[in-house]
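I'll jot down what I look up as I go.

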Amino acid sequence: MEKLLCLVSAMDNILTEPRTVEVCGMVGSVPLVLMVLIGTVIAFFLFIGIFAAYVHAARAELLRPESLREVMGLRSFPAPVLSAERQEKVNRMSKTLDELHDGLPQDVSYGPAAEVVTAFVKTRELTADHTLRGKSMIPLWDLHGYCAPHMAGGIDVRITVQYNLFTGSVMNLGCAEQQEKMREIEKRGELGGFFLTEEGAGVLSGLIVNTTATYHPEDASFILHSPAPVSQSAKYWISQALTAKWGVVIARLLMPDGSDKGPHAFLVDLTLPGIHMEDMESKVDFNWLDNGRCWFENVRLSDQDLLRGMCFVDEGGYHLRDEKSPFNFIAVAQRLLSGRICIAGATLCVMNHLVEKTHEYARGRPIPTGRNETTPLAEMPFFADSIDEVRMIAGMFRHYTDYIQDRFMTERIGDDLVHEIACAKSEVAGFCI
C-alpha cells in the first residue's frame, strides 16, 4: 500500500512539477521518472500474467483424468473386469451372433432378421431361466452390456423384446406350469412380443390401457377385446409383432360384477381367431425390425392364459397369491424397468466400441507438428485428454449400471429404484449420444 501511495504521489508531482519529481525518495528528471513508472506497471502486469498462466496450467493439470483419479480417488471408475467365466460366455455369444447374421444385406426385410433371433434362441446360449430375477440374470445383462455391437440393424431390439420383455414377463409373472410352457416355447425357437403400448399411452402409463379381458365364469374363459374406438385401444408399434407366435398382452381384467382389477398380463397365442395384425409404416432406419399394429375382436382365452404367478381367477372370484401384497402395475411392468437397464448397458457398450475404433484410427493418423515432423493424432494433448475423459465417465456409468443391475436382482421394486433406473437410462443414453 505504501508503494502504491508513492506511485500516486509521483503522478501528482509529474502533473504539478514538470521538470523534477521525487518518487519514494528518488529525485530525477521527468523522463527518468516516467521510465521508472512505466517499468513498474509493466512488471506488475507481467507478474499477473505469469501468475495467471501458472494457475491455468495447474488447473488444466488438475482436471486431467489421471489427476482427477489421484485427487478424487477415481481409480475405481475404469470399466469392471469380467471374470474368466463371464468373459468366455460373452465371447461365445458375440461369436454366435456374428455368425448368425453374417452376410445379411443392410436392406434385408424383417423376415430374415427374425430368423437370426430364432436361430440364436435355439442355441440356448441364453435361456428362459436367465430372465428370472436374481443372480441368474447376469448373462442377460452381459448380452446387452458387452455384446451390443454384434447385434446390428434392429436385432438388438429383437433380442431385448424376446428375452427381457416376452420371456422375462412369463417367467417372472407366471406360475410354475407357465414357466415350464415358456421353456418348451424356447426350445422350439418360437418368438414372442410384448403388447402394452396403445395410442397416446406410454410404456409405464398403466392407467391408460383400454384393451379389456372380461372373465366369464360359466366356461372359465376371458374375452380379450379392443373396445371402440379401436384407434384408441389397438396396440401400436409392437416390436416383433408380425414374426411372433406368442405375445404377452396387457389388458384390464374385468370381473362379472363389473369390478376392474386393472392391467394384467396374459400369454396369448397370436394365431387365435379374432386377432388382427397389420404392418406399421416403413421407418427411416431399422427396418430389419417389424413393428405391428394389433387389435383384438372378442378373442376367447382360457383362464389358464392369465399369468398366474401373482394372482388367479376361479369360480370363487379374483385372488391374490399373497393377500398382504396388493397388486400394482409396476409388478406387471417390471420388465420395462429391466429393459431400461439393458438399454443403458447396450448404449455404453456401443459407445465404448466406437471410442476404441476412433482411437485406433487416431493412432495411425499423422498430424504435422513441425518441419518434417508428425505426431499421431492419438498423442495430441487435446485428443488424448478427450478420449481419457470419455473413458473415465463411461467407466463411472458402467459401475452405476452394475449397481442398478444388482439392486434390481436383489431388492423389492420400490419408487426409489424405479427413479434410479429411469435416471440411469436417461443419463447414460444422453451422455453416449
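My notes cover helix packing, a sheet and salt bridges.

**Before starting.** I'm working from a predicted model, so I keep that in mind throughout.

**Entry 1: H11 against H13.** I began with helix H11, residues 334–363, and helix H13, residues 415–432. Their axes lie 9 Å apart, and the angle between them is about 25 degrees. Angles under 35 degrees count as roughly parallel, so I can call H11 roughly parallel to H13. I also checked the handedness, and the crossing of H11 and H13 is left-handed.

Which residues make the contact? On the H11 side I listed Leu337, Arg340, Ile341, Ile343, Ala344, Thr347, Leu348 and Met351. H13 brings Val418, Ile421, Ala422, Ala424, Lys425, Val428, Ala429, Phe431 and Cys432. Sorting the residues of this contact by class gave me 14 nonpolar, one polar and two charged.

**Entry 2: H7 against H8.** Next I looked up helix H7 (residues 155–173) and helix H8 (residues 176–187). Their axes come within 8 Å and cross at roughly 145 degrees. From H7, the contact uses Tyr163, Phe166, Thr167, Val170 and Met171. From H8, I noted Gln178, Gln179, Met182, Arg183 and Glu186. The classes here are five nonpolar, three polar and two charged residues.

**Entry 3: a sheet.** I then went looking at strands. I found an open sheet of three strands in the order S6-S10-S9, and the pairing is antiparallel. Which strands sit at the edges? They are S6 (235–239) and S9 (275–279), and each of them pairs on one side only. From one strand to the next, the twist averages 35 degrees.

I zoomed in on one pair. S9 and S10 (residues 291–296) run antiparallel to each other and are joined over five bridges. As a spot check I picked Met277, and its bridge partner in S10 is Cys294. A reminder to myself: the strands of a sheet pair through backbone hydrogen bonds, either parallel or antiparallel.

**Entry 4: salt bridges.** How many salt bridges are there? My tally is 20 salt bridges. I followed up one of them, where the side chains of Glu125 and Arg92 meet with 3.1 Å from N to O. Glu125 sits in the loop between helix H5 (110–123) and helix H6 (138–147), while Arg92 belongs to helix H4 (residues 84–101), so this pair ties together parts that are 33 residues apart in sequence.

Terms used
Residues are numbered from 1 along each chain as its sequence is written. This is a predicted model: local features need pLDDT of at least 70, side-chain atom pairs count only at pLDDT 80 or more; totals for chains, interfaces and linings use all residues. Side-chain values use heavy atoms; hydrogens and water are left out. Axes are lines fitted to C-alpha atoms, for helices over the stretch in contact, and angles run from 0 to 180 degrees between N-to-C directions. Helices (H or I, at least four residues) and strands (E, at least two) are DSSP runs, numbered from the N terminus. Angles under 35 degrees count as roughly parallel, over 145 as roughly antiparallel, 65 to 115 as roughly perpendicular and the rest as oblique. A crossing is left-handed if the near helix is turned anticlockwise from the far one by less than a right angle, and right-handed if clockwise. Contact means heavy atoms within 4.5 Å. Ala, Val, Leu, Ile, Met, Phe, Trp, Tyr, Cys and Pro count as nonpolar, Asp, Glu, Lys and Arg as charged, and the others, Gly among them, as polar. Two strands pair if DSSP finds at least two bridges between them. A salt bridge is a side-chain nitrogen of Lys or Arg within 4 Å of a carboxyl oxygen of Asp or Glu.
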